[in-house]
Amino acid sequence: MKQQANLIRAGQVIEHDGNRWTVLKQQIITPGKGGAFIQVEMRNLKTGNKTNERWRTADTVERLMTDNRDYTYSYTDGDNLVLMDGETFEQFLVPTDLLGDMLPFLQDNMPVVVDLVEGDPVGIHLPATVTLEIVEADPVVKGQTASSSYKPAKLANGVKTMVPPFVEAGERVVVRTEDASYVERAKG
């Protein structure tokens with residue numbers, strides 16, 4: 001399906017130069033002189049190579065339609081994630097590379113959505129937030145106000161994040177899987 005380049009969004013799969021690419025990031029750039037263009041960072045589905053491409057906003061690209069399927073994460077086997085279909089209980093293997101920076105947020109029995117193009121996995125979506133324990137948190141600096149500053153902390157999965165001064169090591173917090181940013185203290 002053809003679509004204008006300025007409608008490209010992260011997570012979409014496009015065909016370019018005879019290859020399939022999954023879009024990682026996109027940014028519309030409006031220079032002071034000349035027309036606007038879109039800069040797209042994308043990953044080749046076969047080789048895993050990343051590239052940046054620019055299109056004028058009026059250009060068209062070939063977007064591939066994806067089929068979304070719900071699975072439950074079971075375990076990791078080498079370079080593959082083993083997912084289970086909740087209805088048929090069949091196992092499905094997906095390369096760990098598809099998760100990229102979000103891999104540390106994957107938890108046992110977590111529901112995930114897999115994007116498929118003609119039966120091939122092209123993307124995985126985790127829930128928007130996860131609850132994790134803080135294993136390390138810097139002490140509060142005297143005179144620091146709660147509203148203006150955050151302090152570094154380390155989550156149980158090894159990812160570093162920034163939390164408000166009142167959050168201490170041992171507490172459970174809700175963080176976004178997309179960028180590891182703090183949302184709130186875990187309830188209960």
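**First stop: a strand pair**

Select residues 172-176 and 182-185. These are strands β15 and β16, which pair in the antiparallel sense over 3 bridges. Pick out Val173, then look across to β16: the bridge partner is Arg185. Now follow the chain from β15 to β16. The two strands form a hairpin, with 5 residues between them. Which residue in the turn has a positive phi? Click on Ala180: its phi is about 60 degrees.

Keep in mind that this is a predicted model.

**Second stop: the whole protein**

Zoom out and show everything. Colour by secondary structure. The protein has 16 strands and 0 helices. Turn the view along the principal axes: the C-alpha atoms fill a box of roughly 55 × 55 × 25 Å.

Of the 188 residues, 32% count as buried. Next, colour the charged side chains. There are 20 positive and 27 negative ones, and the centres of the two sets lie 9 Å apart.

Contacts are worth a look too. Take those between residues at least 6 apart in sequence: 44% of them join residues at least 24 apart.

Select strands β1 to β6. These 6 strands form an open sheet with antiparallel pairing. Trace the order across the sheet: β1-β6-β2-β3-β4-β5. Which strands stand at the edges? They are β1 (2-4) and β5 (50-56). Each has a single partner strand, so one side of each is left without a neighbour in the sheet.

Strands of a sheet pair through backbone hydrogen bonds. Strand β1 and strand β6 (residues 60-64) run antiparallel and are joined by 3 bridges. Select Lys2 and look for its bridge partner in β6: that is Glu62.

**Last stop: His16**

Stay with the sheet and select residues 13-16. This is strand β2, and His16 has its place here. Is His16 buried or exposed? His16 has a relative accessible area of 16%, under the 20% cut-off, so this residue counts as buried.

Show what surrounds the side chain. Leaving out residues up to four places away in sequence, His16 touches Trp21, Met42, Glu53 and Trp55. Select them together with His16 to end the tour.

Technical notes: Residues are numbered from 1 along each chain as its sequence is written. This is a predicted model: local features need pLDDT of at least 70, side-chain atom pairs count only at pLDDT 80 or more; totals for chains, interfaces and linings use all residues. Side-chain values use heavy atoms; hydrogens and water are left out. Two strands pair if DSSP finds at least two bridges between them. Helices (H or I, at least four residues) and strands (E, at least two) are DSSP runs, numbered from the N terminus. Buried means under 20% relative accessible area, exposed over 50%, partly exposed in between (1.4 Å probe, protein chains only). Contact means heavy atoms within 4.5 Å. Lys and Arg count as positive and Asp and Glu as negative; His and the chain ends are not counted. The place of a charge is taken as NZ of Lys, CZ of Arg, CG of Asp or CD of Glu.
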